[in-house]
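Colleague: I am new to this structure. Could you take one part and walk me through it closely?

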Amino acid sequence: MEIVFGRVDDSIVRFTLGGASEAYANALRRAMIGEVPTLAIEDVRIYDNTSVLFDEMLAHRIGMIPIKTDLARFVRREACKCEGAGCPHCQVTFTLTMEGPGVATSGDFVSEDPETTPVDTNIPLVKLWEDQKLVIEAVAYLNTGTEHAKWQATIACGYKQYPVIEVTDQCDGCGMCVDECPRNVLEVKGQTVRVVDGKADACSLCKLCEKACIGTGIGEESAIHVNADKTKYLFTVESDGSLPAQQIVEEGIRYIRKRSDELIESLQEISMEGQ
Ligand code: SF4
Ligand code: SF4
Ligand SMILES: [Zn+2]
């Protein structure tokens, strides 16, 4: 199995997964969406709320604020030495006190941990009119997307099969397929058509080029063939900002490896018992 990164920055990564089955590619996608832990606000204590939003709606909005997460510093509450009592290793408390007029935003929360803050300070929570007031305490914990979408570190996470485009000797370079391609993947070079350098990844496997070629009257067999490589996948992973996108990939792979090891151990125990 091989991973080759194309684009890498904090918010998005694109990579090719090679030598893998479709089952593995889908398991990795699901692991990145649902099994990579991140911080999100779970407990909200509202001491005062005279805004137009009722408490539950306000709490829901607060819970959806992405929070910068350093996974090296936090553990889940249930795995923490404090045994769920709450300590700096498993929770971060935020406070917000504000009086209108003005818009209360994620940036108005004051964190007890200066490194653990909302990813974006401009997420609007509620507009306060004159004399309207908010006094809120909110506590963030580590959890995963399988528990609730607010703990999902990815905004977009998906893959497509890697396209393989082949052109036969029948091609006369008429260019009909080039005009038909919605992704500008093809070009005519001399008397034949070819893939534009670096554009193969953009192919959506729509096969409109094959139809266009048949439409030229070439016969029953198109001179261009587009198929999916069954062992190679193009992934796009976009982070909500709580974790760097590359770390989401690493954590997803780590999760699959851990579960695989557990499965192997269980199978070994079963086979030992049977002897
Ligand atoms: S399959 Fe679609 S996107 Fe790919 S080269 Fe053909 S027309 Fe273009
Ligand atoms: S439509 Fe067919 S013959 Fe014409 S350039 Fe494309 S592949 Fe070649
Ligand atoms: Zn703790």
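Modeller: Let us start with the ligand site. The model is predicted. Ligand 1 is surrounded by 15 residues. Cys181, Val185, Cys203, Cys206 and Cys209 are the closest of them. Two elements, β9 (154-167) and α4 (208-215), each supply at least two residues of this shell. By type, the shell around ligand 1 holds eleven nonpolar residues, one polar and three charged.

Now to Leu186. Leu186 lies in strand β10, which covers residues 186-189. Is Leu186 buried or exposed? Leu186 has 23 other C-beta atoms within 10 Å. The cut-off for buried is 20 or more, so Leu186 counts as buried. Which residues does Leu186 touch, leaving aside its neighbours within four places in sequence? The contacts are Cys177, Val178, Cys181, Val193, Val195, Val196 and Cys209. Ile165 is 21 residues from Leu186 in sequence, and their C-alpha atoms are 9.7 Å apart.

Next, the setting. The protein chain has five helices and twelve strands. Domain 1 takes in 2-34 and 155-237, while domain 2 spans 38-150. The centres of the two domains are 43 Å apart, taken over C-alpha atoms. The radius of gyration of the protein chain is 26 Å, whereas a compact globule of 275 residues would have one near 19 Å. Along the principal axes, the C-alpha atoms fill a box of roughly 75 × 70 × 25 Å. Of the 275 residues in the protein chain, 28% are buried.

Note on methods. Residues numbered from 1 in each chain as written. Chains lettered and ligands numbered in written order. Predicted model: local features only at pLDDT ≥ 70, side-chain atom pairs only at ≥ 80, totals over all residues. Helix = DSSP H or I, 4+ residues; strand = E, 2+ residues; numbered from the N terminus. Buried ≥ 20, exposed ≤ 12 C-beta atoms within 10 Å, placed from the backbone. Contact = placed C-beta atoms within 7 Å. Near = placed C-beta within 6 Å. Nonpolar A, V, L, I, M, F, W, Y, C, P; charged D, E, K, R; others polar. Domains from an automatic or database assignment. Rg over C-alpha atoms; globule rule 2.2 N^0.38 Å.
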